Amino acid sequence: MELQSTVVPATNRFASLYIENRENIQEFFHYDITKNGIFRQRYRDVLERHFDRASLAACIEKYMSRFPKSDATGLALEKLRDQRSVVVIGGQQAGLLTGPLYTIHKIISIIKLAEQQEKELGIPVVPVFWAAGEDHDYQEINHLYVREKQTLKKITYPQQMTSKKMASHIEFDKGVMKSWIRQVFSMMGEKPHTNEILPFLDEAVHHSDTVVDFFTYIILSLFKDYGLLVIDSADPSLRKLEKPYFSKLIERNQAITEAVLSRQTIMEQKGFEKAIDMDENAANLFMNTDVGRELLLYDPADQVFISKGGSIVMTEEQLRQHLHDHPESFSNNVVTRPLMQEWLFPTLAFIAGPGEIAYWGELQTAFETVGMEMPPIVPRLHVTLLNRAVEKDLEDLELSLEKVLQHGCKEEREQFLKHIQDKQLAVLVQQTKESLQEHYQKIRTHIYEVDRGHTRLADTNLAFHLQQLDFLQRKVEESVIKRHEAILNKYLNVELMLRPAGHPQERAWNIFYFLNEYGRHFIHSLANKPYEFDGKHKVVRI
């Protein structure tokens, strides 16, 4: 594998400017990651605060006990217990078969930055990934895309979900899951490592009950040798550690909401769209009920917390009592999860995707409201995997890799189609149509004078001949395209692999397409590259 860096703007304008360090975007964050020594400064700041590392490590160790582990896992837990330790952390929704490639890229980003900073600072730095098990958007995680000829087809897991269950509570039928996996792989086709990958996934299904279990089992199987620690954000043991912080969020709910709304106003004045959709009375907490996960609002007039569905109405005292008795029923939203993370983990850096960078930019004053600073926000690695076949197509078509990564090659394909069109035939057909229409007008006029009842027949006859001319032209054009099909397919192949449907590769393709082709060791080849966190797009030549 070879590694190349190139410049490709982020899909989110705010994130793109942040990565480029332009237009004073850094004013929305507490740490400027472009400055030398910023992680050493952050480390000093973290050591001024107290973290219950022992309880946190015990919680993570208990959660991870039923998943694949290695000696590196035990070492990472020991590092976390060390009072000098910090973490590099990030998270993602628990997509089926790990979801889009960017989840893998984020995990590699966490691991690589932790490795680099441990060496640079000379202190224990632990890579931590949280699976967003408290999220309830099942439609975001229940599918993946598989290649079907020259398109990507969405393959959705058949289990339906009507209530807003947290992902950690969504159990699956093992037989149905195995059948769905085989449907996915049948579309991928039998490759050199299919017989290795399918038993591995069967094993993961066997040891999992929920979609988050399934996700975590796969992730730890692939990355356990790197000392990656994983925690489910909905883990009941974690909820017990979070109890005092949920209490603070209840107490400060209005101040937090006002802080975010105020920051959003400033960002809108600077021309940025809001990243967080927030009600002015948001309490920024969810509660699990019989109907699912319900968002809480605060009614300042009646001084009660209510759910959007109306099934919950509680005073602050009642809500605190419920928190005391049932902490597992509480969960965070997009605003409070970062705050909770900062309370729990001695965070050296947070690895963020473009969307996360945008919404963290709205949280600066929310952190200040609860007496904290947000950690340095480091953009995750943006990676495109380029195999030899696609690279050869690029060379044959004389296409710029950088341009294709940004815009695809639809425009170049359309230009080629225009170039190969039989322009002379198009002119002759058009001239023939005009001549026919002219002569038929004369015939129609004559028929109208001698037998007007047949003018309609003349119109039908003309339409028939015009259609036949179109049919003839279309058949010739199809023949021309057929002769150039190999070249046209190269354009489609390049677009499909590098910029599918106008999106970056990492947002559509799944890692198992590549594992099926290259084997599980492919992950190690990918993770062991000397990545730099310089804001540039990484191209990995396979």
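How many of the 7 residues of strand 3 are buried? The answer is 7 of the 7, so strand 3 is largely enclosed by the rest of the structure. Buried means under 20% relative accessible area, with a 1.4 Å probe and protein chains only.

## Basis

This is a predicted model: local features need pLDDT of at least 70, side-chain atom pairs count only at pLDDT 80 or more, and totals for chains, interfaces and linings use all residues. Residues are numbered from 1 along each chain as its sequence is written, and side-chain values use heavy atoms, leaving out hydrogens and water.

Five strands form an open sheet in the order 6-3-2-12-13, with parallel pairing. Strand 6 (229–232) and strand 13 (377–379) are the edges; each has a single partner strand, so one side of each lacks a neighbour in the sheet. The twist averages 30 degrees from one strand to the next. Strands are DSSP E runs of at least two residues, helices H or I runs of at least four, numbered from the N terminus. Two strands pair if DSSP finds at least two bridges between them.

Strand 12 (residues 347–352) pairs with strand 13 over 3 parallel bridges. There, alanine 352 stands opposite proline 379.

Strand 2 runs parallel to strand 3, joined by 7 bridges. Isoleucine 89 has valine 128 as its bridge partner. Strand 3 also pairs with strand 6 in the parallel sense, over 4 bridges. Phenylalanine 129 is bridged to valine 230 in strand 6.

Methods:
Axes are lines fitted to C-alpha atoms, for helices over the stretch in contact, and angles run from 0 to 180 degrees between N-to-C directions. Buried means under 20% relative accessible area, exposed over 50%, partly exposed in between (1.4 Å probe, protein chains only).
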